[in-house]
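Q: Here is a model to look at. Some terms need their grounds spelled out.

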Amino acid sequence: IYNDQAVYENSALYRALSFTDKPELDFTAGFSQDHKRLLRVTIIDMVLSTDMSRHFDIVTMVQTKVDSIMEKPVSRQVSGFVESRHGSNNRREAEANIDIEPGLCLSDVSPDQMHLIFQFALKVADIGHCMLPLDQHKFWVGNLETEFFKQGDLEKEAGLPISPLMDRNKPGPAYGSNQVGFFSVIVSPTISLWQKLFPGSADELYEQTLSNALFWKSNSQMDN
């Protein structure tokens, strides 16, 4: 099905886009044909970008095509008045250098680069449960493991090789060391790159990511 390419994503797209075939559900009814076509192409491309097989390709493109227009750290001089310890009647003018936090200059972003940023934003959201409070994160990891094991059972029944992490007789996604690897290779670098592009936009998510990663690291020590 779907030529074995992004099966989950293509299946979800087919089901979601089929809703617009029903007049009572077609929110694009007032759109021009050009806008409908653009929306459809964008939605398909965005969802397909969440396929983990494309993860490193998209991250690399963000680093090469977007990082090149990042603002560089600059030091700017500011001036103002400071009060002396004798009160506001004894103010003096002072100057100081402050470092301006770098980030992405959106005014320099091309349409293609913006499209890539949208793809990357959806990828961040796609692994967003890793940035949730620990109890919520563990809940979704548990659901993922249940889904994986069910697929592994079906693959076994069909005489197919069981996909990685889907054999219920072996460590699954909720196994500490497996999560440590996922956080190290996928989650932490992804949210770090987002923070680089948009400084301060996801501070709490970044801190929670580090906290969750530490939980799995400590948990992995009990796996054996």
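Q: What covers the buried residues of α4?
A: The cover includes α2 (33-48), α3 (55-66) and α6. Contact means heavy atoms within 4.5 Å. Helices are DSSP runs (H or I, at least four residues), numbered from the N terminus. This is a predicted model: local features need pLDDT of at least 70, side-chain atom pairs count only at pLDDT 80 or more, and totals for chains, interfaces and linings use all residues. Residues are numbered from 1 along each chain as its sequence is written, and side-chain values use heavy atoms, leaving out hydrogens and water.

Q: Why does Phe120 count as buried?
A: Its relative accessibility is 1%. Buried means under 20% relative accessible area, exposed over 50%, partly exposed in between (1.4 Å probe, protein chains only). So Phe120 is buried.

Q: What makes the pair of Phe120 and Trp194 tilted?
A: Rings of Phe, Tyr and Trp (its six-membered ring) pair if their centres lie within 6.5 Å; planes under 30 degrees apart count as stacked, over 60 as edge-to-face and the rest as tilted. Here the centres are 6.1 Å apart and the planes stand at 35°, so the pair is tilted. Phe120 lies in helix α4 (residues 111-126) and Trp194 in helix α6 (residues 176-197), so the pair ties together parts 74 residues apart in sequence.

Q: Why is the pair of Trp194 and Phe198 called tilted?
A: The ring centres are 4.7 Å apart and the planes are at 45°, so this pair is tilted. Phe120, Trp194 and Phe198 form one aromatic cluster.

Definitions and conventions: Helices (H or I, at least four residues) and strands (E, at least two) are DSSP runs, numbered from the N terminus.
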